[in-house]
Amino acid sequence: MLVTTREQQMNKKMQNHKRYAAIVIGLACAAWGGQAMAATPEAKAAYKAANEQAALNYKQAHAECDKITGNPKDVCIAEAKAVRAYDEAVAQAQYTNTLRAYTKARIKIADANYDVDLARCNALTGNDKDVCVKLAKSTKVAALADAKADKKVIEARSDAREAKRKAEYKVAAEKCDALAGAAKDDCVKAAKTQFGY
């Protein structure tokens with residue numbers, strides 16, 4: 001019964017990680033403004049603490065896995081590694097705060113989830129195992145495709161925002177050309193401030 005409870009807890013935890021991985025990383029990507037921010041001492045401390053906590057959680061989970069044997073142990077270890085990969089990937093992405101980092105985190109999470117799925121498939125035989133492996137690969141391919149597509153969408157939106165900002169600045173600057181002297185200088189200065197030039 002202990003094994004079943006442990007497996008149920010890990011399965012629930014992994015399902016939550018899978019579900020929330022796309023949400024958390026997706027929201028972070030959507031909020032990404034296109035520029036990396038310098039890491040503050042607080043951000044560095046939070047990143048270090050998150051990695052230390054991930055390592056500690058992994059060590060504890062692995063110790064629990066050592067209490068079981070066979071394929072359930074392999075699945076348990078894979079799940080513990082996946083949880084650690086998730087925690088570390090999210091911490092790295094939040095610390096780095098770049099679109100590339102968020103995309104890499106999603107790829108790392110997809111790889112870890114794939115390893116868990118393969119460990120589960122190893123308990124099966126014959127066609128059931130073949131179907132399980134194909135489904136695991138399909139899930140991974142879909143997750144990777146989503147990560148890459150989301151990256152392209154975010155880049156395109158960022159490029160569009162920049163092009164729109166430049167065009168709006170040109171309009172504002174053109175309006176300033178109708179003025180002269182100090183009024184023109186003030187108008188140009190205001191336009192530059194408004195559009196970040």
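**View 1. The accessible surface and overall make-up of the chain.** The accessible surface of the chain comes to about 12,300 Å², and carbon and sulfur atoms hold 57% of this area; such areas come from the Shrake-Rupley method with a 1.4 Å probe, and for residues only the protein chains shown count as cover. This is a predicted model, in which local features need pLDDT of at least 70 and side-chain atom pairs count only at pLDDT 80 or more, while totals for chains, interfaces and linings use all residues. Residues are numbered from 1 along each chain as its sequence is written, and side-chain values use heavy atoms, with hydrogens and water left out. The chain has six helices and zero strands, so that its elements read α-α-α-α-α-α from the N terminus on; helices (H or I, at least four residues) and strands (E, at least two) are DSSP runs, numbered from the N terminus. Of the 197 residues, 30% count as buried, where buried means under 20% relative accessible area, exposed means over 50%, and partly exposed lies in between (1.4 Å probe, protein chains only). Among contacts with a separation of 6 or more, 70% are accounted for by residues 24 or more positions apart, a contact being heavy atoms within 4.5 Å.

View 2. Helix 4 covers residues 99–121 and includes R106, which counts as buried because its relative accessibility is 12%. The side chain of R106 is joined to that of D150 by a polar contact of 2.6 Å; a polar contact is a pair of N or O atoms within 3.5 Å, and within protein one must be able to donate a hydrogen and the other to accept it, while residues adjacent in sequence count only if both atoms are side-chain atoms. D111 also has its place in helix 4, but D111 is partly exposed, with a relative accessibility of 29%. Although D111 and K137 are 26 residues apart in sequence, their C-alpha atoms are 9.9 Å apart in space.

**View 3. The salt bridge between K73 and D66.** A search of the whole structure finds eleven salt bridges, each defined as a side-chain nitrogen of Lys or Arg within 4 Å of a carboxyl oxygen of Asp or Glu. One of them links K73 with D66, and the closest N and O atoms of this pair are 3.5 Å apart. K73 is partly exposed because its relative accessible area is 24%, and D66 is likewise partly exposed, with a value of 42%.

View 4. In helix 5, which covers residues 126–176, E155 and K151 are four residues apart, so they are separated by about one helical turn. Their side chains meet in a salt bridge of 3.1 Å, N to O. E155 is partly exposed at 32% relative accessibility, and K151 is partly exposed too, with a relative accessible area of 27%. The side chains of E162 and R165 meet in another salt bridge, with an N to O distance of 2.6 Å. Both E162 and R165 lie in helix 5, three residues apart, about one turn of the helix. E162 counts as partly exposed because its relative accessible area is 29%, and R165 counts as partly exposed with 24%.
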